[in-house]
Amino acid sequence: MIIIGCGGLGSSIAGQLSAAGNNVVVVDRDREAFKKLPPEFSGFTIMTEVIGKSALVDSKIEQAHILIASTDDDNTNIMIAQIAKMIYHVPKVIARVFEPSRMRVYKDLDIETISPTILAASVVSDSILNEGDVES
Amino acid sequence: MKAYFLAKNLISMGYSVTMINKNKEDALQLAKIDRATVVHGDATLPEILEDAGTHTADVVVALTSSDPDNLVICQTAARLFGVRKTVAIVNDPGNVEVFKTLGIDYVVSTVRTISSLIQQSVGNETIMNLTPVEEGKVMILEVDVNTEDPISGKQLNLFEMPHEAIIGCIIREGKPIIPRGDTTVSPGDRLIILSLPQVQSATLSAIKRKVD
């Protein structure tokens, strides 16, 4: 599996999936970013100038079953996810999209999007509502 | 500020132009253009495109310096607002095919455009004209034949040149000839050659005398 973007989210996922025995390739523009990878990570890292199609080819996307686009830029994630899905037919593609309104455009594509904003909001409201003693 | 000059040009041609820029200073600068409408905001967000009246637009042109932004702008315009024609600029030439596959109608690579302009101006004594077709996948070359060129006086089926190139037409004394294998090339002919870009220089060096 391929993870694009080795920030907080990307590096944590990479560590967890690698520890679970998966073959993980992590791609980032910044060599320093790989320092965030936890000790349990035992996969490959690829440093690339431009996050685009050629970086995906370098990370052997033809063989990938899963791609996670988790850079800090929504539009880069959306672009990478579409290249993975539409050009390389990667079975499972997940993109992080911070801005929920952008997800509307891509809802009919077979790409899973996760919005930290929506996730955090639902965790907070669930926590409040489940206490059951909310008064206006 | 590519948008500044493009907008001025289009407005002078009678088009109604709305520009979106996420930098406030740039947006204020653009607003000085006569008859232009400017929206300050991130055009990759549906709500900003909506504010700009994208649903009424015939064409959306994405000119930002970020390729992913340009992709998202064009796709949002087409999918959410029904814009029929989308144009995107790309920095990475590899994105030309990618964007076309992902549904962008016109993709312009500045790198490819400038490269082909340079190719046209360099060695223009040899190549009279060079036209890229399909974003440079095929090149049309126009070459004038001189007495000292290897191809001069040769019959085409006896002349060796790369397989990925073909002489499609000969202009002789102003008249076009569609050449066959038994056609002989004469000095003064202009050859119109179809060539894949990778054999373009090999084709030229087969046809033309080496210029040192």
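Hi everyone, and thanks for coming. Before we start, please keep in mind that this is a predicted model, in which local features need pLDDT of at least 70, side-chain atom pairs count only at pLDDT 80 or more, and totals for chains, interfaces and linings use all residues. As for names, residues are numbered from 1 along each chain as its sequence is written, while chains are lettered from A and ligands numbered from 1 in the order in which they are written.

Let's begin with chain A. Chain A has 4 helices and 6 strands; here helices (H or I, at least four residues) and strands (E, at least two) are DSSP runs, numbered from the N terminus. Going along the sequence, the pattern reads β-α-β-β-α-β-α-β-β-α. The C-alpha trace of chain A spans about 55 × 35 × 25 Å along its principal axes.

How are the strands of chain A arranged? The 6 strands form an open sheet with parallel pairing, in the order β3-β2-β1-β4-β5-β6. When I say that two strands pair, I mean that DSSP finds at least two bridges between them. In general, strands of a sheet pair through backbone hydrogen bonds, either parallel or antiparallel. At the edges of the sheet in chain A stand β3 (44-47) and β6 (112-114), each with a single partner strand, so one side of each has no neighbour in the sheet. From one strand to the next, the twist averages 15°.

Now look at one pair in that sheet. Strand β1 (residues 2-4) of chain A runs parallel to strand β4 (residues 66-69) of chain A, and 3 bridges join them. A:I2 has A:L67 as its bridge partner in β4(A). Helix α3 (residues 74-87) of chain A packs on this sheet and touches β1, β4 and β5 (92-96) of chain A. The direction of that helix makes about 175° with that of β5(A). Two residues are in contact if their C-beta atoms, placed from the backbone, lie within 7 Å. Axes are lines fitted to C-alpha atoms, for helices over the stretch in contact, and angles run from 0 to 180 degrees between N-to-C directions.

Is A:A55 buried or exposed? With 22 C-beta neighbours inside 10 Å, A:A55 counts as buried, where buried means 20 or more other C-beta atoms within 10 Å of a residue's own, exposed means 12 or fewer, and partly exposed is in between, with C-beta atoms placed from the backbone. A:A55 sits in helix α2 (residues 53-58) of chain A. Leaving out residues up to four places away in sequence, A:A55 touches A:V27, A:I46, A:T48 and A:V50. A:A55 and A:I4 are 51 residues apart in sequence, yet 9.4 Å apart in space, C-alpha to C-alpha.

The other one is A:H89, in the loop between α3 and β5 of chain A. A:H89 is not a glycine, but has a positive phi of about 50°. A:H89 is exposed, with 11 other C-beta atoms within 10 Å.

On to chain B. The domain assignment of chain B gives domain 1 (2-113) and domain 2 (123-207); these bounds come from an automatic or database domain assignment. Taken over C-alpha atoms, the centres of the two domains of chain B are 40 Å apart.

Strand β3 (residues 59-62) of chain B and strand β4 (residues 85-90) of chain B run parallel, joined by 4 bridges. Across that pair, B:V60 has B:T86 as its bridge partner in β4(B). Another parallel pairing, over 4 bridges, links β4(B) to strand β5 (residues 106-109) of chain B, and there B:A88 stands opposite B:V107 in β5(B).

Finally, where do the chains meet?
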